[in-house]
Amino acid sequence: MTTAIPRAKVRPADRIFSGSTLFAGVLILVALAAVALFLIVQSIPALVADPAELEGSPTSFWAYVAPLAFGTVWAAALALLFAFPLSIGIALFISHYAPRRIAQGLGYIIDLLAAVPSVVFGLWGIKVLAPFLTPFYDWLVSNFGWFPLFAPPVSGTGRTVLTVAVVLAVMIIPIITALSREIFLQTPRLHEEAALALGATRLEMIQIAVLPFGRAGIISAAMLGLGRALGETMVVAMVLSPAVVISFVLTSSTNPSTIAGNIALKFPDAYGVGVNALVATGLILFIITLVINSIARFIVNRRKAFSGAN
Amino acid sequence: MNSTRLGRAAVIAMAGTILLSSCATNEAGSTPSESDTGSELTGTMVGAGSSAVGAAQETWIAEYQTANDGVTINYDPSGSGAGRETFLAGGSDFAGTDRAFNDEEVAAGGFAACAPDSGIVQLPLYVSPIAVIFSLDGIGSLDLDPATIAGIFAGKITSWDAPEIAALNEGVELPSTSITPVHRSDDSGTTENFTDYLGAAAPDVWTYEADGVWPIESGEAAQGTSGVVDAVTNGTGTIGYADASRAGDLGTVAVQVGDKFVEYSPEAAAAIVDASPFIKGRPDFDLSIELDRTSDAEGVYPIVLVAYLVGCETYLDSDQGALAKDYFTYMASPEGQAIAATDAGSAPISDALFEKVTAAIDIMS
């Protein structure tokens, strides 16, 4: 008898399956490369063009894109600020507090929220949320106008960056919630029981067992949500009252526009080098998203060693 | 740039093919009786350009195709700039544009759809008043002069009870609400014509060039005509400008012309076109108008959008020429103008202009 372990016979099904996964993996890379190539090639005319030909005659392409890039990051960051704590709360409620039946129902409803098209959120933002928030903004500006974020004059229609951020937050809550919920449910039962056995309350158990275990996953979930907020187009185009400014004021009618929203507004009537300039801003958005994702990946990797998982 | 042009042409061609097949089958089935009365013309024509003309084109095309079974016309509302570029490159048979081709462009020539040496005809067939709309409880109309309108939109007059407004509206109880001016956030011919008016009629207050993109950082911005109308309706103390057909129940501004205040109306909008001279140095059939926004003629409303339909004097392809001539004749006809007025809210051109337009169309071939 030979001691060598006989190798499993490779069947056609195995070959076809491994081949098709390889194909899928390569295809997504090719698609990404094609998008990047398109963005770069189409951007070049705008990057080398005389800045005076660009919309609003800025001093350089960078002066043209800076307010847009700022607005994109600003609106998305605000949305994440609102959505993140709320999502973690909802996810913990579903995974550790709610009775099973309620948890399931709530889970479905949250998932449903993710399926609402963004144009519907946009309409809701214009027709319901903005008029609803207007008196609140009035109050905020007249009482806290000294605070730089609420500097007067107040917007008369409520279509401010704060309103947009709230709508965006509602849109990314389901993404962050669904992912963190799954992660919290993965916490090893033994960790949780050990914590409880040591006399921890439920809050302490979550602090020492659930959250450390899920930290990397929570960050990934937040980054996915942020990605959605960065690229959201329709809501921004419909709700925001944009201007070409870099401003942190939350309640005014001159708000920095976002890259995606600006493309949606300006593309229909753009021609010549204007089209290239818009594509170039798209390239900048591509780079911003890439950088933010890399930072997230870096944080996730660095924290992995300290998580409770090992 | 070349690839963009080719791309656009390809898209138009593709859309044209799709529309061609669908329309042809529809009409053969639905209006068999009209095939006897319709003309003998057959073929496909492609137009592109101003989205302001889009609604009128939809109506014209639907009516025209019903009357002419064999003809398919397709209009791509890709924007005025793109429309001029497409026409110049030969990607379309006619263009719709918020401004006529200017002297340099006409002199440079090279219109690919036209026969060599052929000039172009530019006809102001779509005239539409732009209303200045506002939302103030209980006030349906205000009298304002150009300088005050410009001051409001430039953010220099910030309260509804400002002395400038009060002086023009004695007897109207003005609230002390602050003014929120609303402008378009997208690139639009409406904005271009409105800023052109402000610059011409109130040069001291409005020192910016006419542009399709709002030139200054003041006030609120909203997407599209419906966005502006929405923002003005939902806000308090808001004022904006929009295609007059969309003004609805909102308050509107009567604009000072000479020493009278004129509300917008189709007749008043058509009147400003008649009161304005044609651009000098152009051939007789190039009816480009130098809009006289400061005219003080009786009964003119100076805030209008005039869009031109541009075709060739002589087309490279004579079949195409016959088709274009017939379609232009229809658009200029009283029926064509009336139906655009009903469906798109434009102002029918006057009889005087109609005669000139007809003379220009006559030379098309």
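Predicted model: local features only at pLDDT ≥ 70, side-chain atom pairs only at ≥ 80, totals over all residues.

Q: How much space lies in the largest pocket?

A: The largest pocket holds about 1,500 Å³ of space. Its lining is made up of 48 residues, and those nearest its centre are A:Glu55, A:Gly56, B:Asp187, B:Asp211 and B:Val213.

Q: Which elements each supply at least two residues of the lining of the largest pocket?

A: The elements come from both chains. From chain A they are α2, β1 (242-243), α9 (259-266) and α10 (273-304), and from chain B they are α4 (80-89), β6 (180-184) and α8. By class, the lining of the largest pocket has 21 nonpolar, 14 polar and 13 charged residues.

Q: And how should I read a cavity?

A: A cavity is a set of points where a 1.4 Å probe fits but cannot get out. Here there are 2 cavities of 30 Å³ or more. The second largest cavity has about 30 Å³ of space.

Q: Which residues line the second largest cavity?

A: Its lining consists of A:Thr72, A:Ala75, A:Ala76, A:Leu168, A:Ala229, A:Leu230, A:Glu232, A:Val236 and A:Thr258. Two helices of chain A, α2 (61-97) and α7 (202-231), each supply at least two of the lining residues. Of the elements, α2(A) gives the most, with 3 residues. Sorted by class, the lining of this second largest cavity has 6 nonpolar, 2 polar and 1 charged residues.

Q: Before we turn to helix pairs, how many helices and strands are there in chain A?

A: Chain A has 10 helices and 2 strands. Read from the N terminus, its elements follow the order α-α-α-α-α-α-α-α-β-β-α-α. The C-alpha trace of chain A spans about 85 × 50 × 35 Å along its principal axes.

Q: Now for a helix pair: at what angle do α6(A) and α7(A) cross?

A: The general idea is to compare the N-to-C directions of the two axes. Helix α6 (residues 189-197) of chain A and α7(A) cross at roughly 150°, and their axes come within 9 Å. Angles over 145 degrees count as roughly antiparallel, so α6(A) is roughly antiparallel to α7(A). The crossing of α6(A) past α7(A) is right-handed.

Q: Which residues of α6(A) and α7(A) meet?

A: From α6(A) there are A:His191, A:Glu192, A:Ala195 and A:Leu196, which meet A:Met205, A:Ile208, A:Ala209 and A:Val210 of α7(A). This contact has 6 nonpolar, 1 polar and 1 charged residues.

Q: In chain B, at what angle do helices α6 and α8 pack?

A: Helix α6 (residues 146-153) of chain B packs against helix α8 (residues 189-201) of chain B at about 125°, with the axes 9 Å apart. That angle makes α6(B) oblique to α8(B). Here the crossing of α6(B) past α8(B) is left-handed. On the α6(B) side the contact is made by B:Pro146, B:Ile149, B:Ala150 and B:Phe153, and on the α8(B) side by B:Phe194, B:Tyr197, B:Leu198 and B:Ala201. The contact of α6(B) with α8(B) has 8 nonpolar residues, no polar ones and no charged ones.

Q: What about α11(B) and α12(B): within how many Å do their axes come?

A: The axes of helix α11 (residues 318-332) and helix α12 (residues 334-344) of chain B come within 4 Å, crossing at roughly 60°. These two helices, α11(B) and α12(B), are therefore oblique to each other. In α11(B), B:Tyr330, B:Met331 and B:Ala332 meet B:Pro334, B:Gly336, B:Gln337 and B:Ile339 in α12(B). The class count for this contact is 5 nonpolar, 2 polar and no charged residues.

Q: Last, the backbone: which residues does a cis peptide bond join?

A: Omega is the angle to read, and it is about 0° for the cis peptide bond that joins A:Pro152 and A:Pro153. A:Pro153 sits in the loop between α4 (118-144) and α5 (161-185) of chain A.

Q: Where is B:Asp117 placed?

A: B:Asp117 is in the loop between α5 (103-108) and β4 (120-135) of chain B. Phi is the angle to read here: for B:Asp117 it is near 75°, a positive value in a residue other than glycine.

Notes:
Residues numbered from 1 in each chain as written. Chains lettered and ligands numbered in written order. Heavy atoms only, no water. Axes fitted to C-alpha atoms, helices over the stretch in contact; angles between N-to-C directions. Parallel < 35°, antiparallel > 145°, perpendicular 65-115°, else oblique. Left-handed = near helix turned anticlockwise from the far one by under 90°. Contact = heavy atoms within 4.5 Å. Nonpolar A, V, L, I, M, F, W, Y, C, P; charged D, E, K, R; others polar. 1 Å grid on protein atoms, 1.4 Å probe; cavity = no way out; pocket = protein on both sides within 12 Å on 5 of 7 lines; lining within 4 Å. Points joined across faces, edges and corners; volume = space filled by probe spheres on them.
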